Amino acid sequence: LPVQAKSSNDTSLVPTREQSIATIEIIRQLGKRHYLNVSVNDALSARLLDKYLTTLDLNKNVLLQSDIKEFERYRNELDDALNSGNLDAGFVIFNRYRDRLEQRLRVIVHDLPTTIKGFDFSKDEFLDEDREHAPWPANDAEAAEQWRLRIKAAVLNLKLAGKDQNKIVELLQKRFKSQLSRIEQLN
């Protein structure tokens, strides 16, 4: 079950008129009253894009390199868009993130008992928990591997805490279903 971004659908979030108006006012005030005298320009635009992407996907295990490449078109455009109250870029990026995460969590919840049963703890593997400087996954298989390693680490931690296999499955199912429920409720 490969995880793919959904096409545009009814659940995509879109900016409201009120958000656009508020954005224009915030940008205007930043230029006039912020103590750092912030310039809303291409340099700020680039920093905003990078910060937004890492804030959404800190562990770089949801979005793919192809997504990041696609979002590069916004690198020097966010400043102009924000000045005019256009929030589309932020919503496009967020909707892609949400769709990918929702689909990934659905696969995990569905496959979790089988996945856990298949773990080989004698195999030498490494989970890079600090992926700040790591590249985004090149494809769905790389993203799935990052999730597999995270799940395996969680299972190992629970085993070391004395939990049995059934309790581990139950706890992780509950955890991932809760995450899925939260992402589905975002509006």
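Author: Accessible areas come from the Shrake-Rupley method with a 1.4 Å probe, and for residues only the protein chains shown count as cover. On that basis the accessible surface of the protein is about 11,600 Å², and carbon and sulfur atoms hold 52% of this surface. This is a predicted model, in which local features need pLDDT of at least 70 and side-chain atom pairs count only at pLDDT 80 or more, while totals for chains, interfaces and linings use all residues. Residues are numbered from 1 along each chain as its sequence is written, and side-chain values use heavy atoms, with hydrogens and water left out.

Helices here are DSSP runs of H or I with at least four residues, strands are runs of E with at least two, and both are numbered from the N terminus. The protein has seven helices and zero strands, so along the sequence its pattern is α-α-α-α-α-α-α.

The side chain of Arg182 forms a polar contact with the side chain of Ser178, at 2.8 Å. A polar contact is a pair of N or O atoms within 3.5 Å; within protein, one must be able to donate a hydrogen and the other to accept it, and residues adjacent in sequence count only if both atoms are side-chain atoms. Asn95 lies 87 residues from Arg182 along the chain, and the C-alpha atoms of Arg182 and Asn95 are 14 Å apart.

As for the whole, the C-alpha atoms of the protein fill a box of roughly 60 × 35 × 30 Å along the principal axes.
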